[in-house]
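Please read it alongside the sequence and the structure shown here.

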Amino acid sequence: MADLQATIHELWDRRAELAAGDFDALAAVREAIDLLDRGEARVAETDSNGNVIVHEWLKQAILLFFKLTSIETQEVGPFEYADKLPLKHDFAAAGVRVVPGASARWGSHFEPGVILMPSYVNIGARVGANTMVDTWATVGSCAQIGANTHLSGGVGIGGVLEPPQAAPVMVGNECLIGSRCMVTQGARVGDGAVLGEGCILNPSIPVIDAETGDEISRGIVPPWSVGIGATRSRRFPGGEFGLPCILIVERLTEGERHDKSKLNEVLREQGVSM
């Protein structure tokens, strides 16, 4: 893998010289993306201190693939597509359930037990074991989704492909992301966290402790906490306006499986739901 990484870096450094039809370059790029597709490599991961480590050579490989290929027509049943990337295959062998209407690109990876309702998963993304990507949810390029997590209907997990060194969205294990939430631009959701429906989370969104009023972070929801979408008042020359924030309203017991009825009760008290 080290030799392949060095090759990708070398191709990236002279990418201005490359063009579609460079078969030697394309062979190396395909080999790198195959590693992502099989789950033998991943775009990003967290270390023991919770820091995100980005393997940018893999993102470089994805970007190079787009440069080195041309749009081709693909027919899948009655549907026609015009794209540079093929669709992912061999779901049954991987132990993944895919409902008609779901779509995933080659270069994404699913661990066993994943369920894809009619949804979309982009290249470089990774979805952990037994996670459900529910109806009309999207998982953007290079996003990393943990195991035993539920992305509810209409959830938008943003893609972060460029620049290559930028951290993608990271959602931990045992999470519940409520309907129509938008988690983008490299935002992070810790293990066991719950987001009530309609939350917007990106690196500019303050995450605030409801008990103290303190700002905990920007764009990072702590592990084993329940967050809801809220606003906080800010004064501008034109008047006072409410800007979005995430309000942490409950702390959960670490490692405890979510009791959905209890969670719904907590969220109903705040006027939201999953």
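The protein chain contains five helices and 26 strands. The model is predicted.

**Overall dimensions and packing**

- Along the principal axes, the C-alpha atoms of the protein chain fill a box of roughly 60 × 45 × 40 Å.
- Of the 274 residues, 48% count as buried.
- The protein chain exposes about 13,200 Å², and carbon and sulfur atoms supply 49% of that area.
- Counting contacts between residues at least 6 apart in sequence, 41% join residues at least 24 apart.

**The six-stranded sheet**

- Six strands form an open sheet with parallel pairing, in the order β6-β9-β12-β15-β18-β21.
- The edges are taken by β6 (103-104) and β21 (200-201); each has a single partner strand, so one side of each is left without a neighbour in the sheet.
- Within this sheet, β9 (residues 120-121) and β12 (residues 138-139) run parallel and are joined by two bridges.
- Y120 has T138 in β12 as its bridge partner.

- Strand β22 (residues 206-209) pairs with strand β23 (residues 215-218) in the antiparallel sense, over three bridges.
- P206 stands opposite R218 in β23.
- Five residues lie between the two strands of this hairpin, where G213 takes a positive phi near 80°.

- Y81 belongs to strand β4 (residues 79-83).
- Y81 counts as partly exposed because its relative accessibility is 36%, a value between the 20% limit for buried and the 50% limit for exposed.

**T184, a buried loop residue**

- The loop between β18 (182-183) and β19 (188-189) holds T184.
- T184 has a relative accessible area of 19% and is therefore buried, the cut-off being under 20%.
- Leaving aside residues up to four places away in sequence, T184 touches G158, V169, L201, N202 and P203.
- Among these contacts is L201, and the edge strand β21 spans 200-201.

How values were computed
Residues are numbered from 1 along each chain as its sequence is written. This is a predicted model: local features need pLDDT of at least 70, side-chain atom pairs count only at pLDDT 80 or more; totals for chains, interfaces and linings use all residues. Side-chain values use heavy atoms; hydrogens and water are left out. Two strands pair if DSSP finds at least two bridges between them. Helices (H or I, at least four residues) and strands (E, at least two) are DSSP runs, numbered from the N terminus. Buried means under 20% relative accessible area, exposed over 50%, partly exposed in between (1.4 Å probe, protein chains only). Contact means heavy atoms within 4.5 Å. Accessible areas come from the Shrake-Rupley method with a 1.4 Å probe; for residues, only the protein chains shown count as cover.
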